[in-house]
Amino acid sequence: MAHGHPDHDVLFAKACELDVPIGIHPTYEPAWATPVRFRKLGRPGEFFYNVMLRQGVQQAFLSFFALGTLDRFPKLRLGVLEAGSGWIGAFLDRMDAICDTISAGGVSLTMKPSEYFRRQCFISGDSVETAAPLMIDHVGADCFLWATDYPHPDHPST
């Protein structure tokens, strides 16, 4: 079930009522659940998985737009956590562009995805992201934060 699916509306309504945000956060999967494409890579598979883990977060995040969750819950605050932030500008640009085409059939939004993001969403960046200042300028400083549970095993300790 997609993260933004209406079956979860009870949770979103409660988050709005309590004025607390919902966060999307990547996780490590147990070896038995790791996608098949990573299994035969051996140790490099961990590198591959850690670089690509944001794809699951992006798909979860996209579901909130595609399924109209942010329209149904205009007071819902949604955070994208610890999946980097350098991708968000291109991601929002792509969603905005697609919304103006036939490819957005079945998706009924009253605003552009970038407008929902600026109104209701935030994203955390990583200390190693050299393009962060550009993304902050492009998307808006009020939508960015830094995670405080540093260090992580997938980041340098310096």
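Select Leu81, which lies in the loop between β2 and α6. Is Leu81 buried, partly exposed or exposed? Its relative accessibility is 24%, so Leu81 counts as partly exposed; the label "buried" is kept for values under 20%. Please bear in mind throughout that this is a predicted model.

Keep Leu81 in view and display its surroundings. Apart from neighbours within four places in sequence, Leu81 is in contact with Gly23, Ile24, His25, Pro26, Phe122 and Ser124. In sequence, Leu81 and Ala147 are 66 residues apart, yet their C-alpha atoms are 7.7 Å apart in space.

**The sheet**

Now select the four strands. They form an open sheet in the order β1-β2-β3-β4, with parallel pairing. Which strands stand at the edges? They are β1 (22-24) and β4; each has a single partner strand, so one side of each is left without a neighbour in the sheet. On average, neighbouring strands of this sheet are turned by 25° against each other, direction ignored. Strands of a sheet pair through backbone hydrogen bonds, either parallel or antiparallel.

**Strand β3**

Select residues 121-125, the strand β3. How many of its five residues are buried? The count is five of five. In a regular strand the side chains alternate between the two faces of the sheet. Colour Cys121, Ile123 and Gly125, which are buried on one side of β3, and then Phe122 and Ser124, which are buried on the other.

Turn next to the partners of β3. Strand β2 (residues 78-80) pairs with β3 in the parallel sense over three bridges, and Val80 has Ile123 as its bridge partner. The pairing of β3 with β4 is also parallel and has three bridges. Here Ile123 stands opposite Phe144, while the bridge partner of Ser124 is Leu145.

**Helix α8**

Follow the chain through β3, α8 and β4, which together make a right-handed β-α-β unit. Select α8 (residues 132-139) and colour Ala132, Met135 and Val139, which are buried. Why do these residues lie on the same side of α8? They cover an arc of only 60° around the axis, and this puts them on the same side.

What do the buried residues of α8 pack against? Display α6 (88-99), α7 (113-120) and β4 (144-146), which are the elements they pack against. Just after α8, select Gly140, which takes a positive phi of about 125°.

**Gln120 in helix α7**

Select Gln120, which is found in helix α7. With a relative accessibility of 1%, Gln120 counts as buried. Leaving aside neighbours within four places in sequence, Gln120 has contacts with Leu70, Phe73, Pro74, Lys75, Leu76, Arg77 and Leu78.

**Helix α4**

The last stop is helix α4, residues 54-66. This helix has 13 residues and reaches 18 Å from its first C-alpha to its last, close to the 18 Å expected at 1.5 Å a residue. Which residues of α4 are buried? Select Val57, Gln58, Ala60, Phe61, Ser63, Phe64 and Phe65 to see them. Finally, move on to Gly68, which follows α4 and has a positive phi, near 70°.

Note on methods
Residues are numbered from 1 along each chain as its sequence is written. This is a predicted model: local features need pLDDT of at least 70, side-chain atom pairs count only at pLDDT 80 or more; totals for chains, interfaces and linings use all residues. Side-chain values use heavy atoms; hydrogens and water are left out. Buried means under 20% relative accessible area, exposed over 50%, partly exposed in between (1.4 Å probe, protein chains only). Helices (H or I, at least four residues) and strands (E, at least two) are DSSP runs, numbered from the N terminus. The arc is that of the directions from the helix axis to the C-beta atoms. Contact means heavy atoms within 4.5 Å. The expected span of a helix is 1.5 Å times one less than its number of residues. Two strands pair if DSSP finds at least two bridges between them. A crossover is right-handed if, with the strands pointing away from the viewer, the path from the first strand over the helix to the second runs clockwise. Axes are lines fitted to C-alpha atoms, for helices over the stretch in contact, and angles run from 0 to 180 degrees between N-to-C directions.
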